[in-house]
Amino acid sequence: MSQIFSIVQAAAAKLVLQFRIVLALQERELLVRTEKGLLGALGVFIEPIFLVLTLLALRILVRFKTTDLINPVIWMVTGVCIFYLFTEVGLKSLNGVKKAQDIFFYRRIRPLDTLLASALVEGRIFGSVLTVVVLAVWGWTWQAQLDSPGEAVLVFVLTVLLALGVGGSALVIGHRLPVVKLAVRFGIQRVLLWTSGIFYALYTLPGPVRPFLTWNPLLHAVELFRHAVNQAYPIPDISMTYLAGCAFVSCGFGLLFYSSNEALLLSEN
Amino acid sequence: MNDHTLFVKPCQSADHCLLHLDGVIREVEGAKQKKIRLLDGVSWGLQQGERVAVLAANRAEADALLACSAGVVPVQAGAVTINAHVSWPFGQPKALVAALTARQNAVFLQRIYGEKSRRSQQLDLICQLSDLDDGFFDQPLRSFNGYMKSRFRLALSLAFDFDVLMVPKLDAWSYGATSNRARRFQAAFEAATLGKPLLVSHPDPAFQDAYCSRAVVLEAGRIVFEGDLPACRAWQKDRKQQRRSQAGVSQ
């Protein structure tokens with residue numbers, strides 16, 4: 001009995017230490033971005049907002065088909081934040097080991113800790129941007145609408161989980177097969193950008209086209225978030241179960257893949 | 001097998017040692033991308049209570065043994081088993097961020113290696129040992145000169161509690177100096193290492209005499225002799241003379 005207790009105690013101590021490490025890393029990451037950015041702490045949040053504004057300007061210029069069910073700014077910011085949250089955590093992990101090489105000098109820090117810290121940082125940044133923009137639009141239009149806050153939070157958390165899972169695998173793949181980074185930068189990332197529903201609503205597309213897009217779980221996340229804002233927003237062929245399934249499967253696979261390859265990540269100069 | 005290796009004690013198993021190297025090969029890239037082998041199949045272990053100096057004609061080999069034992073550099077072959085909370089080589093934390101202040105860097109490391117309840121105490125110790133001019137503890141590290149940086153790095157190493165300590169040549173503190181700063185470093189070093197195993201590649205014989213009882217001799221990346229510190233020095237001296245006389249005969 002006492003042996004089980006000591007095992008549980010040791011595991012709990014390890015978990016607490018990992019929490020401390022991840023929190024320290026995310027705080028350091030935010031501080032570094034603040035110190036290196038031109039606008040300091042403000043710049044960390046303003047940069048994504050400028051991205052949203054640029055895409056909005058592009059949308060107005062090109063006259064993409066709009067939807068009158070949700071305010072266009074909220075509609076756009078939802079897509080941008082969820083897509084960039086995923087790419088910043090999941091796809092940027094391809095460079096994760098190389099980028100954080102110096103920090104592995106401290107033996108207590110493992111590559112997974114840097115991934116978790118990055119997920120926390122990006123989650124905080126894009127979560128704050130989403131909140132600030134939505135509040136600003138509500139203030140501007142004097143109309144507040146968020147029909148299902150629980151669904152919105154759940155979609156956001158599932159997107160972070162999905163990004164973590166992909167990031168876990170990307171850490172290993174990016175380190176062992178550097179050529180994949182090129183394929184992601186010039187191929188996969190662009191495919192994801194155009195199939196994630198940032199520039200269009202799925203229900204506005206003709207039925208036969210939809211199966212070519214609905215394989216992408218990010219499209220489900222984006223459309224479900226919009227549906228959470230206004231329950232009248234139609235989401236044909238979109239499913240929370242699919243998003244949750246993708247998030248949990250990618251997370252489970254990513255962690256397994258990472259844990260079986262962790263030693264390889266630290267075994268080179 | 002080289003006849004000099006006969007003097008090396010048989011290596012303990014990994015489970016019995018605080019840290020254990022088994023057939024470790026460490027290579028680095030030198031000028032013109034030439035591979036330099038610093039450790040060549042080293043098998044060795046550090047046990048509880050041992051304070052060991054690493055004697056080597058080539059200091060890079062001694063430092064490589066320290067770095068591999070601390071687990072801060074990868075090895076090309078062999079295995080390193082670490083069964084204790086081993087420090088990084090003192091005075092060498094590489095991953096300090098120049099854009100952040102000394103305090104921010106210290107807080108980051110304190111959160112990883114320090115105790116939550118002793119945060120302010122450990123930060124005060126780092127600040128005191130670094131002996132920086134007024135306000136510099138809250139300045140970015142990029143504004144520090146080399147001496148300030150090396151003092152800050154050593155202060156960081158001395159502030160936390162480790163089971164095994166790795167001591168290379170320390171730029172910030174010369175052993176035996178009588179300045180207040182040196183005395184503070186000596187007091188902190190003695191407090192940090194009290195009753196703990198050490199692995200020392202510091203080349204100063206006075207420092208080795210003060211803190212080590214045993215030694216290993218590295219030659220061409222191999223441990224060729226191991227024993228008491230005076231015996232190892234005598235062996236190293238004999239070997240040097242032997243080589244000189246061999247060189248004289250061949251000429």
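Here is a short chat about aromatic rings in this predicted model.

Reader: How many aromatic pairs turn up over all chains?

Author: A search of the whole structure finds 24 of them. One of these is B:Trp88 with B:Phe162.

Reader: What makes B:Trp88 and B:Phe162 an aromatic pair, and why is it called edge-to-face?

Author: Ring centres have to lie within 6.5 Å, and here they are 5.3 Å apart.

Reader: Why is B:Trp88 called buried?

Author: Buried means under 20% relative accessible area. B:Trp88 has 2%, so it qualifies. B:Phe162, with 0%, is buried too.

Reader: How do you know that B:Phe144 and B:Phe152 form an edge-to-face pair?

Author: Their centres are 6.4 Å apart, and the limit is 6.5 Å, so they pair. Their planes are at 75°, which is over 60, so edge-to-face it is. B:Phe144 is buried at 5%, and B:Phe152 is buried at 1%.

Reader: Which residues share one aromatic cluster with B:Trp88?

Author: A:Phe105, A:Tyr106, B:Tyr113, B:Phe160 and B:Phe162.

Reader: What sits over the ring of B:Phe108?

Author: The charged end of A:Arg28, 4.8 Å from the ring centre. The distance cut-off is 6 Å, so that value passes.

Definitions and conventions:
Residues numbered from 1 in each chain as written. Chains lettered and ligands numbered in written order. Predicted model: local features only at pLDDT ≥ 70, side-chain atom pairs only at ≥ 80, totals over all residues. Heavy atoms only, no water. Phe/Tyr/Trp six-rings, centres within 6.5 Å; stacked < 30°, edge-to-face > 60°. Buried < 20%, exposed > 50% of the residue type's maximum accessible area, 1.4 Å probe, protein only. Lys NZ or Arg CZ within 6 Å of the ring centre and 35° of its normal.
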